[in-house]
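Please have the sequence and the coordinates open as you read.

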Amino acid sequence: MKIILILLSITTLSFSTVLDEYLNNLEKKVLKEEKNFKGFDYKRGEEIFTSSHIGKKGKEISCTSCHGINLNESHKNFFTGKVIKPLSPKVNKERFTSKKQIDKWLKRNFIDVYKKEGSSLEKGDVITYITNKE
Ligand code: HEC
C-alpha cells in the first residue's frame, strides 16, 4: 500500500508543470501576508503589463514596450531593437519552462519598468495575465 501511495505522489508531481509550481509558490508567499487572498487576477495583471511608467533611462515604458500588446507575436526590444519571441506559452513552448529564467527576467523587467522588484502578488497577477491572454 505504501509503495502505491509513493508511486502515486511521484506521478502527480511529474504532471504539475513548472508554471503551476511557480504560481503555487507565489500563492504560498502571498497567503503568508494576506489571509483573505482570493487568487491571482487577470485584470490586475493586465494593468501591470500595459500601464506606462517612467522606467529605465528615464523613458516612459510599459511591459508592452518590449513584448507588444499581442503576446502571440514577436516584438522588438524598446532599447536594443532586438527581436523578442512571443511571450505567450500557447505559441512559444519554451516560455515558463524554467524557474531560473522566469525569476531572472521578471526581476530584471520589473526593475526596467517599475524601478523596483515586483511583489509576489504582482508577479502572480502578471503571469496569470500573460498565460491566459488570447
Ligand atoms: C526593456 C525590454 C523589456 C521590458 C520593458 C520587459 N521585458 Fe520581459 N523580457 C525582455 C527580454 C529581453 C527577455 C528575455 C529574452 C526572451 O526571453 O526572449 C524577457 C523575458 C521575459 C519573461 C521570461 C519568460 C520565459 O519563461 O521565457 C517574462 C515572464 C517577462 N519578460 C515578463 C515581463 C513583464 C511582466 C514586464 C513588465 C513588468 C516585462 N517583461 C518588460 C525584455 C523586456
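Which residues make up the largest nonpolar core?

1. **The core.** The largest nonpolar core holds 11 residues: Ile48, Phe49, Cys63, Leu71, Leu87, Phe110, Val113, Val126, Ile127, Tyr129 and Ile130. A nonpolar core here is a set of buried Ala, Val, Leu, Ile, Met, Phe, Trp, Tyr and Cys residues joined through C-beta atoms within 7 Å. At least two residues of this core come from each of helix 3 (42-50), helix 5 (99-114) and helix 6 (120-132). Helix 6 gives the largest share, 4 residues.

2. **What you are looking at.** This is a predicted model, in which local features need pLDDT of at least 70 and side-chain atom pairs count only at pLDDT 80 or more, while totals for chains, interfaces and linings use all residues. Residues are numbered from 1 along each chain as its sequence is written.

3. **Overall layout.** The protein chain has 6 helices and 4 strands, in the order α-α-α-β-β-α-β-β-α-α along the sequence. Both are DSSP runs numbered from the N terminus: helices are H or I with at least four residues, strands are E with at least two.

4. Of the 134 residues of the protein chain, 19% count as buried. The cut-offs use C-beta atoms placed from the backbone: buried means 20 or more others within 10 Å, exposed means 12 or fewer, and partly exposed lies in between. Among contacts with a separation of 6 or more, 51% join residues 24 or more positions apart; a contact needs C-beta atoms, placed from the backbone, within 7 Å.

5. Leaving out residues up to four places away in sequence, Val126 touches Gly45, Ile48 and Phe49. Lys123 sits in helix 6 and counts as buried because it has 25 C-beta neighbours inside 10 Å. The C-alpha atoms of Lys123 and Phe110 are separated by 9.0 Å, with the two residues 13 apart along the chain.

6. **Around the ligand.** Which residues come nearest to the ligand? Of the 22 around it, these are Cys63, Cys66, Trp105, Asn109 and Val113; a residue is near if its C-beta atom, placed from the backbone, lies within 6 Å. Helix 4 (64-67) and helix 5 are the elements that give two or more residues to this shell, and helix 5 gives the most, with 8 residues. By class, the shell has 14 nonpolar, 5 polar and 3 charged residues. Nonpolar covers Ala, Val, Leu, Ile, Met, Phe, Trp, Tyr, Cys and Pro, charged covers Asp, Glu, Lys and Arg, and the others, Gly among them, are polar.

Notes: Contact = placed C-beta atoms within 7 Å.
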